[in-house]
Amino acid sequence: MATHAPAPAHAPGGGHGGHEIHQDPRPVSYWWTRAILGTVAGVLFSFLLLFLLRALFGFEPLYDGAVYGGVAGLIGAIGFLWGIGCFDFWLGWAKGKDISEEDHSFHGVTNWKQYFRVNTDHKVIGIQYLGMTLFFMLWGGLMALLIRTELAAPGQQIADGQTYNGFLSMHATLMIFVFAVPVFGGIANYVLPIMLGAKDMAFPRLNALSFWFLPVAGFMFLASMFTGMFGAAWTAYPPLASQGTMGQTLFELGVQFAGASSIATAINFLATIVTMRAPGMTIWRMPILAWATGVTSVLAVFATPFIAGSQFLTMFDRIMGTNFFVPDQGGDVIMYQHIFWFYSHPAVYIMLLPGFGIISEIIATFARKPLFGYRAMAFSLVAIAVLGFGVWAHHMFVSGMAPWLRVPMMVTTIIIAVPTGVKMWSWLATLWQGKIHIKTPMLWALGFLFTFLLGGLSGVFLGIVPADIQMSDTYFVTAHLHYVLYGGTVFTVFAGLYYWFPKMTGKMYNERLGQWHFWLTFAGTQLTFFPMHWQGLQGMPRRVADYDPRFETVNSVETIGSYMLGIATIIFFYNIITSWKSGPKAPWNPWRGKTLEWMVSSPPPLFNFDVEPQVVGGPYQYGIPDARHAVVFAPEEFGGELTEDTRYPVLIIANETLTSQTLIDEIRSRDSEGLWSFQLVTPVGDGDRAVSERRLATTLAILAESGVSATGRVAEGDVVAVATEAAKEVAPHELVIATLPLAQSQWMRSDSVDKVRKATGVPVSHVIVPPNDARALLGTAALPLVMVVATEAVGAEALATAVRTRADAQPARFTVIAPLDLPDPRWGAEANELRRSAGEAMTATVNALINSGVAVEGEVMDDAASVALPLAIDAYKPSVIIVAGINGEAAGLREAAEAAAGDTPVESVNLGAAAGA
Amino acid sequence: MATTAGHAPADQGHAAPEKKQHVNAALMGMLLFIGSEVMLFASLFTAYFFIRYGVANETWPPLKQDGEPFELPVVLTGVNTLILVSSSFTLWWGEKRLAAGDNKGLIRGLWVTILMGATFLLIQLNEYAHLGFTPQDRAFSGAFYTLTGFHGAHVLVGLIVLSLCLRRAYKHDFSHAYHTPLTAGSYYWHFVDIVWVLLFFLVYVI
Amino acid sequence: MYKNVPIIPLAVIGVIIAAITAGQALFIDWLPPADSVEAGRTFTLLWFLFWCSVVFFVIVTSVLVYAIWKWRAKDDDLEDGPPTHGNTTLEVVWTAVPSILLIVVAVYGYIVLERNEAVAADRVEIDVYAQQFNWTYGYPSAGIESGDLMVPVNRQVQLNVRARDVIHDFWVPQFGIKGDAVPGITHTLWITPTKVGTYPVVCAELCGVGHSVMRSSVHVVTEQQYAAWLAKSSATVKTAAAASAAAAKLETAPGDAAAGKAVFEAKCSGCHAGLGTQAGGVGPKLAGINWSDEQIRTQVKNGKGAMPGGLVNGTDLANVVAYVQSIQ
């Protein structure tokens, strides 16, 4: 993956509103080593502890797999979290470390590996969440394909009953706990703080811990594949769940960690929304996604503990032998269902409401209209959440629970249809008379409207008790849940991912592939799940590996549909991976949105805003000329408003160090902050002007190729004078002087840097370039590589002149190749002499050229041209080959070059009769 | 936080900007966390009530496996309850002393609170040893141990939190102006206390 | 905003969508035949729900299709739409109308539920026992248990559903009635079958490895046939002692492999594939196990692991033993 935007520490005066960032220097491998050690230590510690306790208190047997497994799973996981670094800050605080200074050593990333480390930047955490949840989505999808493959025909295809139950349990568990619930945590983590005008979330370290709970949970679920997959479905009803083995314990523990992640993230979101909104952002000026996230977070905080409780109880029944669900001992089996569903119904709203928020954002932006009925939309979110706490028993209409409870639950269930309907109507009304632009995010939003509508309607069916009695536990429910989850979660997640992809990565995704992804998914969804309504009503129950042969056709069709969904998902991943690596650069606001995240760079700066933005209106002010939602300000030292075209000048003074990698990298990294334009001024002093001009031209060409806007000129005079005059003219924010080290730098010996500082009064940074670097061939493909092939001509002044001329005509990198036709013996005295003289001539030529400002390197090759040239061309991959000869002796060379060149153009240059250096 | 530089364009005619930052984020976070823990106990209480009033239990108090009725040491636990409730008062007193500028008073208050909390836990453990039934006995006993056990675990966490506050109090980290971690810790301790009172009443008394 | 509602185009689109929806509703057999009084009421309710849903579906999709068609903007059109923030009348209407409709639907559903569960004085009570992975039925009036569910037509049957191990679910799709079998409680269901015939009993709650094959049948017969069957079955189980002694004699007598094959097909082939000759089912292959008669009898009577005990007894057991020996 390409580098995330934020840059390493800068000299004083650099951007970030004054934040100095010193990244923690320990490599990612250090943290993972610690994490593995922590896990192992936790497991061993728990084994030891249990052994000692059991021996002490006389428990028989001394080793009980279930108990040991459960405790080791828990403590091992905590060991992992400690090792990866989640608790370091708090442990340090507990030990008395001074925490008065803000610690940003884990903020932002500078290379892709750091995504695998603890990070406190909400943008990084957001991407970590997305990466992790999409990974688990792939696993869950794989399980779905295995299920559908087994169901393609009656009878056993690929799995027996036990394995199949494992597939279906794993499918739902992964999809719900480590994909659908946390994925919105990822999207909102990235987008919400920026949308609110904040620099980060309220509790960045808690944010990091919340993320790391997730891989713990997901890999616990996946680990059950080695111990025997849990097979009681994601609902894990006892007594079936109490019969399970270690796999079931892993399920229970995993749910706890996933739940903890959810609760912690929710607390973070609520604190952020309440306390960190930008000035002027009343709650009625928040984008609807903020409302959705806030309401969802309330659900998560108050409902999730119930599933934790339910899993504790089944775990205790299994590993401790308690009797919560053993009727003979006073236990109550249905009690589990009440406790479980008290969370799991609000859970479905946790999986839906943020998606509703995303769709609201997208429809407003792509229909160029304010969101219809903003307040009703906000209230309906609240209503759905509140009512959502009162409907749980509609999952239990046939469970044998107290019969009197069914009718009140039916009433509350259908009441929820009203606010949900209000949202539907409002989205339609937003589209009405709009200016509808159908790009991929909008396609997903429209697809959501259709698909979720069908899911919602089938939900009304299921809400009526006598109808539910027929349809509960059948494929009708499977149809309903996949319509609302595919439509309400998957479609909205993809909508959000495509919508904010340019913001997150700074690149545009491929629109055509996005459309293919959508249509294939849309068609696949209808094909796979619509027929399920029929087969459920006709008598096919849920969670079966086998069925009555009259359902065969329908099942085969659905299996085909599911494969379509799989292919569509592959297209998605291909699109985002290739686009992130090499897609076209994205502007700040590709969708002309009004909310705050579109008013900063893509990707955003390290702390989002250098200065707190000011909110001046609602978030959907489309249709009103000059209406603004907010004003974002440039860094304090500049003042005024920050726009995409804002650029503050940086003056760069360099001569001999111009083509060095160090300087180029320095310029590139500053450019990634988005604030600077660069003026290069080259003081010639008493050097050769042409040389300096060549160097400057090469440097500007390389920078242009990387998309950096830079201009430059060569100036007569000594460095201090030139710098002073340029500073007066340009009024730069900062001045950068690049020199060689003290031993080689005349500027340094004459103390020029300090003099410039005093003379200009502008902050001056000094970049020291190692001498080899200043002479090194630039490793990028930024400039075309010209390969010059010569034998006798090497060492001749005419060759150097020819190369200089060529460099002046068009900046390029040069490689001089001299193939040697060595006599036998190849290491005899004559051959060695040939090598030595060729080497000397090459060195002389290359030095001369470097000193004239040409980027060049040379190689003497130990083979005749016919053998050497193919090797050289393969290694260097030049864009053009020039064969240089003296007085036509290069004909043989030219033939060899043409033979080896393939498509590369070959030119000839005749250097005349002059010979010798 | 930087102030706004440059000019701010005129408001579009909507309501005046709302003042924020009246809410302390850390305390809000602690209250929400306590809310989630309350719900965790609610789920365990739910289990307890199903078992108690459920179909499977016609007699109350239920009978142990050996046929004898369960007996809970109400009086002793009542005394224990008083200890825990008092510890909330000593903590509150300590905070008041800090507000008056008396850091030593805070330290004393924290010590007494911690010691009383530890006493509560020890009496609780002693009670476990002498109850005469195990969690595996009947559904009731499982629910009893789970409720009291989870509560005890929360008390333990509370003691750790208070000890960390004590350590910082020794370093004079708290003052009238700044004492957010202490306040957060005291919210947690009061929550632990209130849950116990409820538990004692619902499980032991009635 | 709604002065300019384009009635004609919307109506055209609406009619087309309605036609497609109604067409696939009417030309596909969505529901099984309603072979009980309860199913009759429930399925009528379902159709009512369906047509209400069609109305909403047509409205929403027509508006959606129309909006996309009419107001699609070109890529280079940078204009915004009109700044409409809301419309109170519209919002009231689209909140109130669905609410009213939902109330109607809920009341209708409540009435159906009450009627379906009204207990008749002349009902027949049958106990249903669910276990991993089969069904047993008890007839308290005759004091017998059987693997067959027999019910008289046109009379209310009260099923007292119980579970012996984990949660199962008793469902007959054509009767429109379903209920979980939960350990520790008795779940009561009421069904009034209206047509003679045999219907599948489907387990509809995940209960373990054999969930997919946990099937049984319910035979709806006339009153006379029912009474006759009850009498015959109870006559074969006189007293417990005599019954078990008689059963023991019956069980150890030489059996008829052909008759045993029929019993096997009814009671065992759900888990033992290929009538015991193939592997790959829930239970293992029986051909080639080379057990003694006594071992087979013990296994069937006591069960083991996932195999429940007591599935077959009496003469049936002797016949099954003979059959299993015949396929070695």
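**Why these labels fit: a predicted model**

Q: Why is A:Arg592 called partly exposed?
A: A residue is buried if 20 or more other C-beta atoms, placed from the backbone, lie within 10 Å of its own, exposed if 12 or fewer, and partly exposed in between. A:Arg592 has 14 C-beta neighbours inside 10 Å, so it counts as partly exposed. This is a predicted model, where local features need pLDDT of at least 70, side-chain atom pairs count only at pLDDT 80 or more, and totals for chains, interfaces and linings use all residues. Residues are numbered from 1 along each chain as its sequence is written, while chains are lettered from A and ligands numbered from 1 in the order in which they are written.

Q: What makes B:His172 exposed rather than buried?
A: B:His172 has 9 other C-beta atoms within 10 Å, and therefore it is exposed.

Q: What makes the phi of B:His172 worth a look?
A: Its phi is positive, about 60 degrees, although B:His172 is not a glycine. A:Arg592, also not a glycine, has a positive phi near 55 degrees.

Q: How do you know that the length of helix H24 of chain A agrees with what it should span?
A: Helices are DSSP runs (H or I, at least four residues), numbered from the N terminus. The expected span is 1.5 Å times one less than the number of residues. Helix H24 (residues 797-809) of chain A has 13 residues, so it should span 18 Å; its end C-alpha atoms are 18 Å apart, which agrees.

Q: Which residues of H24(A) are buried?
A: They are A:Leu799, A:Ala800, A:Ala802, A:Val803, A:Arg804 and A:Ala807.

Technical notes:
Helix = DSSP H or I, 4+ residues; strand = E, 2+ residues; numbered from the N terminus.
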